[in-house]
Amino acid sequence: MLYVVIIFLLASVYLYCLLGGADFGAGIIELFTRGKNKKLTRAVITKAIAPIWEANHMWLIITIVILFNAFPAIYAQISITLYIPLILLLVGIILRGTAFTFRHYDAIKDNSQEVYSRIFAVSSFIVSFFLGMLIGAVVSGKMMMHPTGFWESYLNPWLNLFSISTGLFITTIFAFTASVFLIGDNSDEILMPELIRKSKINSLIMVTAGAFVFLASIIEGIGFDRSFISNPFSLTFIALATIALPLLWKAIETRKIWQARIIAGAQLLFIISAFYSVYFPKIVIFKDAESLTLFNSAAPAVTINLLAWALLIGSLLIFPALFYLLRVFKRKENNDPL
Amino acid sequence: MDNLLAARFTMGLSLAFHIIFACIGMTMPFLMVVSHWMYLKRKDETYLRLTKTWSKGVAIFFAIGAVSGTALSFELGLLWPGFMKHAGAIIGMPFSWEGTAFFIEAICLGLFLYGWNKLNPYVHWAAGLMVGVSGVLSGVFVITANAWMNSPAGFDWVNGQAINIDPWKAMFNDAWISQSSHMIIGAFEATAFAVAGLHAILLLKRKNNLLHKRAMIIALAIGSVAAVLQPLSGDFSAKDVAKRQPIKLAAMEGQFETEKGAGLTIGGIPNEEKRITEYGIKIPKALSFLAYGNFEAEVKGLNDFPKEEWPPVATTHIAFQIMVASGTFLAAAGILFWILWLKKKEWLLHRKFLILAAVSAPLGFIALEAGWMVTEVGRQPWIIYKILTTAESVTPVPGQVFHLLIFIISYLILSFVAVWLMRRQIKALDENITEEQLKTAE
């Protein structure tokens, strides 16, 4: 049953990066959109994510619940060592969600719309960046079981080049998936070429940021680069992700919306799998102690079994409902404004 | 400020803030569903407008509740890693169910808010109902976890480690029914009276406005039932606390001496130095009766326990008094509502009744917050009662006061904006109504 829980944990992380990530990415795109397209972009983003962002956000809750229920030692360790970026992440999450909702529901649409938009866009960027930073930090090997001093204990694990590079990489990934997803939500012919152009540029930025992760690993001596090159799974996944890229461009060019969405989703799966293949089953890698893995920090079997059943039964409820939600709001003919 | 105190304040602040929005998010959909049903049955546009107006409120409050709840799920670990590394495996199960319920709630909310004209009207209505149902369920699951902290079960504590874990026993601990029922009823009571009060204030300004009138009646009908049930649930809870946590009961009542036929102290300020509660009114033998159903029963006083196990007595006692006083007032208001509804309907729109409803508006939430202070402060110094202390669980990360400051500022701003947004909703509604009032004037 531990494997069931592990699959759910990894799937939740993936789905959060895919669905929640696309919502953050939409904010990042808004942040970097200037001029006459700003209003149009904003309208598409609102239409695309308003009905679903709260449901997408739930994958984070599920991830956290699995973590503290099934792997409490990992949850406690991360909570202590990565305290500062977690707080910043939380503030970002609070600001992003509320600003977006306020923008949509404020009964009087005046100058305050600009303030909400600014907060929404900036905090989308911040949350994505810190999320990626946290992912880099746990595997960077800079965490210590018995640290001395504030720098070693609470700063160095995340304030290093490698974590910053993963932060940027995740940010570019989110922006990229969002730009592909938004093409399907857009019905405005003026904006369409702009969005297509964006998705292509974003895919190139993403590849560049990915290369930067390798560079950071070499500079910091993390060893990610060497492990990656010698890991057959990582190499296979990254090859698949690379092959997917021209296919995706073709799908976008021919406006095959769902094909493009599915390829983008698969690509994200390949990238995450390529990254995590290097580390599986480690979650927290210490400099001075054994790593915390999905096996050595698992809760007692009885807890794992009950959680696995809860997740299996829960997913029977969640997935049909989620499917229905997406079907109602994401079908092609659904192009009338909210 | 020392780290432990700062961490406790941060946790208290985060909970106190989240509770308001969580309660509105889980009970407001029921009000909305009633109004929506009336619209579907009678095709009366006022009910439609009311439903849409309320649903905007739900959307705003739900979003704040969801993000502040996310913050809490992290803060459990950020502030109390020493607690979560033990508790996670034992009491994680209700959280996993809560996650499911919360997920369904979010999905149904999306369907409800954006499903006008897209869904079959009754599917749409059912989506609204499911928001409330799953909201209440997720509330119950969270409370079972808190009840476990008061009434730990489902493990053996050996040398500072939990062994023989049984998550079912942990979830269905002795306190789960009394605590979750008290909380859910309280949530309905607080939300409904707040909503009724708000519409009463608007009715004072705009007499005979049909929308506000109907809104107030729906809210009071639900709130009054909750308000009358709540003292019964409170009595059940108090008897439960007397049995499981006699020291918490003693602090709630400001009872220092162990006595047979103990009197009930109303009001008063406990003085921990002198070990007496001063300035209170005593009702002879009433405490023994309320706690044990017997006028002569022995009630354990604080003096029977070592001082280092005392919770902050004054805070617990005063919070308890505030909760009981507010609850009693609302129960009386609830009974009055039914009397008027059955005998003198037109008086419900009388200025005096509207003022009463307006005054009642904040009382439910005041009672709710005070009640949580009783539960949480009254459990100190323990985080898991008689097993683990808050001091042993607090994070080693220094500078907790900064965390506190960041959250004070964030939540102050959010509260301010939420109130401001509500005012703007009302303003926009008012402007619409002046035109429509001409059409629908009675």
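This is a predicted model: local features need pLDDT of at least 70, side-chain atom pairs count only at pLDDT 80 or more; totals for chains, interfaces and linings use all residues.
Figure 1. Residues are numbered from 1 along each chain as its sequence is written, chains are lettered from A and ligands numbered from 1 in the order in which they are written, and side-chain values use heavy atoms, with hydrogens and water left out. The C-alpha trace of chain A spans about 55 × 45 × 40 Å along its principal axes.

Figure 2. Chain A has 13 helices and 2 strands, where helices (H or I, at least four residues) and strands (E, at least two) are DSSP runs numbered from the N terminus. When contact means heavy atoms within 4.5 Å, 78% of the contacts in chain A between residues at least 6 apart in sequence join residues at least 24 apart.

Figure 3. A pair of aromatic rings is described by the distance of the centres and the angle of the planes. Rings of Phe, Tyr and Trp (its six-membered ring) pair if their centres lie within 6.5 Å, and planes under 30 degrees apart count as stacked, over 60 as edge-to-face and the rest as tilted. By this rule there are 42 aromatic pairs over all chains. The pair of Phe32(A) and Phe125(A) is edge-to-face because the ring centres are 6.3 Å apart and the planes stand at 70°. This pair links distant parts of the chain, since Phe32(A) is in the loop between α1 (2–31) and α2 (37–49) of chain A and Phe125(A) is in helix α6 (residues 112–139), 93 residues apart. Phe32(A) counts as exposed because its relative accessibility is 56%, whereas Phe125(A), with a relative accessible area of 27%, is partly exposed.

**Figure 4. The aromatic pair of Phe337(B) and Trp338(B).** These two residues, Phe337(B) and Trp338(B), form an edge-to-face pair, with 5.3 Å from centre to centre and 70° between the planes. Phe337(B) has 1% relative accessibility and therefore counts as buried, while Trp338(B) is partly exposed, with a relative accessible area of 32%.

**Figure 5. An aromatic cluster in chain A.** One aromatic cluster is formed by Phe162(A), Phe214(A), Phe224(A), Phe228(A), Phe275(A) and Tyr279(A).

How values were computed:
Buried means under 20% relative accessible area, exposed over 50%, partly exposed in between (1.4 Å probe, protein chains only).
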